[in-house]
2 protein chains.
Amino acid sequence: MSSMNVKTPDILVSEVGPRDGLQSISQAMPTDAKLRWIAALAGAGLREIEVGSFVSPKLLPQMADAAEVVAGAIKISDLTVLALVPNLKGAERAIAAGVHKLTMPVSASRQHSLANIGKTPEEAIAEVAKVRTLVDTLPQDQRPALEVGISTAFGCTMEGPVPEDRVIEMAELLAKAGADSVGLSDTTGYANPAQVKRLFKRLFAGIGAKAGGAHLHNTRGQGLANVVAALDAGVTTFDSSQGGLGGCPYAPGATGNIVTEDLVFLLESMGLSTGIDIDRLIAARAIIQAALPGEPLYGHVPDAGLPKGFVPAALRSDA
Amino acid sequence: MSSMNVKTPDILVSEVGPRDGLQSISQAMPTDAKLRWIAALAGAGLREIEVGSFVSPKLLPQMADAAEVVAGAIKISDLTVLALVPNLKGAERAIAAGVHKLTMPVSASRQHSLANIGKTPEEAIAEVAKVRTLVDTLPQDQRPALEVGISTAFGCTMEGPVPEDRVIEMAELLAKAGADSVGLSDTTGYANPAQVKRLFKRLFAGIGAKAGGAHLHNTRGQGLANVVAALDAGVTTFDSSQGGLGGCPYAPGATGNIVTEDLVFLLESMGLSTGIDIDRLIAARAIIQAALPGEPLYGHVPDAGLPKGFVPAALRSDA
């Protein structure tokens, strides 16, 4: 922030649309549209954006321009540029492109891990350690932060319920392997508020300051209910996707990310500041609609509008 | 319940679809379809259903058969049959039809009250007192319960924010006027979880055992998030509408009731029993679809299905 007087927002909303959203749809967004979208999101006040994934372009052609997108995004001031890397090779490419932060998915479910990345959870944890070693070879001021998200932390479509002890044990092993933060992901839309609150409380107890954010899905309509529970547990970072892009919340198996617009409205109306201007955020949807014609965008707030007399958290006397 | 061993469910889900849902759409559901739907809901475990509204058939032709529907519904065992009455005259008709419970809407917003029922809030409270007097003329075992829902309790599309002091003062006046219970309604979809928790806590503090349930809307996608907050405040009764019938959650001004299927999944997955069988509940949608061709039904759980390994609250060891 340019002014010393600006209070740090209460909650960090980490936008995953340019990665999680775009990789889940068949159309590819042109690189210049991605960069205009990312700039518009940053202009609306988003402080962290996951801009791409360093995977094989054969697997995800929509992400083939990840290095170019990173190179453009890091020119935007006050923006943390994040990229997903599945392994050491991806991390090398992401670091060469200049990312500020790496995020690695590690699954708590053995079956999901094998199906998704062809590694056991133990092998995935070992890969995190390798990336840590790589990062530590860099000069201190050039080291990206290393975040891990534990996927299927709240249940797996293949294995069903995932034992909470296993999730917490993995978080501890990942912290020891060198992750700077470890978050929990409801990859399958199985989570409920009681479970979310319980598991995040255990995460804070287990790894303290290394406890990361919540990546919640709305597959069964429970996304924002789970946010309320995570807030209760002390979580201050939430992933979400503009327009719920790439995940039809009505289709089983779809991504179903919670919608950034509805999340920001939830937080701001509760008196929790995000630093995000909802009107400018909603205006950024036009870039997606122009670049991806016919792609459905979700969200209740963009359609219903803000309540009469709505005041954002930072301008409220009770916040 | 037929067995003495069956534990009372933790939460009462009060279905409002046959009243709130059906009155908000232009098609009229035939009386026999209404009764088959109500029977199917009761068969799925719903214990309370708002089956109609005793208003002028000129205003709401979809509710013209309210007396007939009540007469049929009260034959179903273990079901509390509820009807909305806007005034004394409606209450007389509802009582003649044999309802178990009357519900009267009273608005916390003066402008909304005048626009909706042509009465000031003070006049509406006086009408509740008249209905109380009428009910008390009946033999003790024939008196229906008298419930009031304070509409626009969380904000008004005409007035904007509604002072919380005014809402609590009205609840106290309504309790004194003879309401058996006073609930709070988010008529406009303006509520946020912090507000819901705060206002229900004040309601419990203000009128104690007369504090009623939560009637929440999903207009801005916050419906189930607000349920979590209401649960935190100690609320145990929630209104909802099967399939979100009659309220497109994406249209401003629409009813936008929270969806019964998603609400029941939320509660059961949290370990809070409802007595409702989700599969049988979802099956009841077929009756609506056949009787109201083309009418959209909402809900994430009916589309996404239950999680693998899902166990209802009553069968869980941790519940």
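Two residues are in contact here when heavy atoms lie within 4.5 Å. With that in mind, look at where the two chains meet: 100% of the interface residues of chain B are also interface residues in chain A, so the copies meet through the same surface.

A word on the ground rules. This is a predicted model, in which local features need pLDDT of at least 70, side-chain atom pairs count only at pLDDT 80 or more, and totals for chains, interfaces and linings use all residues. Residues are numbered from 1 along each chain as its sequence is written, chains are lettered from A and ligands numbered from 1 in the order in which they are written, and side-chain values use heavy atoms, with hydrogens and water left out.

Back to the two copies.

Now step inside chain A. Helices (H or I, at least four residues) and strands (E, at least two) are DSSP runs, numbered from the N terminus. Two strands pair if DSSP finds at least two bridges between them. In chain A, eight strands close into a barrel, running in the order β1-β2-β3-β4-β5-β6-β7-β8 with parallel pairing. On average, neighbouring strands of this sheet are turned by 30° against each other, ignoring direction. In general, strands of a sheet pair through backbone hydrogen bonds, either parallel or antiparallel.

For a specific example, take strand β1 (residues 12–15) and strand β2 (residues 48–53) of chain A, which pair in the parallel sense over two bridges. Here A:E15 stands opposite A:I49 in β2(A). Helix α6 (residues 121–136) of chain A packs on the sheet, touching β4 (101–107) and β5 (145–151), and its direction makes about 165° with that of β4(A). Angles like this run from 0 to 180 degrees between N-to-C directions, using lines fitted to C-alpha atoms, for helices over the stretch in contact.

Next, the charged side chains. A salt bridge is a side-chain nitrogen of Lys or Arg within 4 Å of a carboxyl oxygen of Asp or Glu, and there are 33 salt bridges over all chains. To say where the partners sit, we call a residue buried under 20% relative accessible area, exposed over 50%, and partly exposed in between (1.4 Å probe, protein chains only).

Start with A:D10 and A:K7, whose side chains meet at 3.2 Å, N to O, in a salt bridge. A:K7 is exposed at 58%, while A:D10 is partly exposed at 30%. Another salt bridge joins A:R36 and A:D32 at 3.5 Å, N to O. These two share helix α2 (residues 31–43) of chain A and sit four residues apart, about one turn of the helix. A:R36 is partly exposed at 47%, and A:D32 is partly exposed at 47%.

So where do we find a salt bridge with buried partners? A:E261 and A:R285 form one at 2.8 Å, N to O. This pair links distant parts of the chain, with A:E261 in helix α10 (residues 260–269) and A:R285 in helix α12 (residues 285–291), 24 residues apart. A:E261 is buried at 0%, and A:R285 is buried at 8%. Rings of Phe, Tyr and Trp (its six-membered ring) pair if their centres lie within 6.5 Å; planes under 30 degrees apart count as stacked, over 60 as edge-to-face and the rest as tilted. There are four aromatic pairs over all chains. In one of them, the rings of A:F154 and A:F200 have centres 6.5 Å apart and planes at 35°, so the pair is tilted. A:F154 is buried at 3%, and A:F200 is buried at 0%.

Finally, a look at the backbone. Most residues other than glycine have a negative phi. A:T152, which is not a glycine, has a positive phi of about 50°. A:T152 lies in the loop between β5 and α7 of chain A and is buried at 0%.
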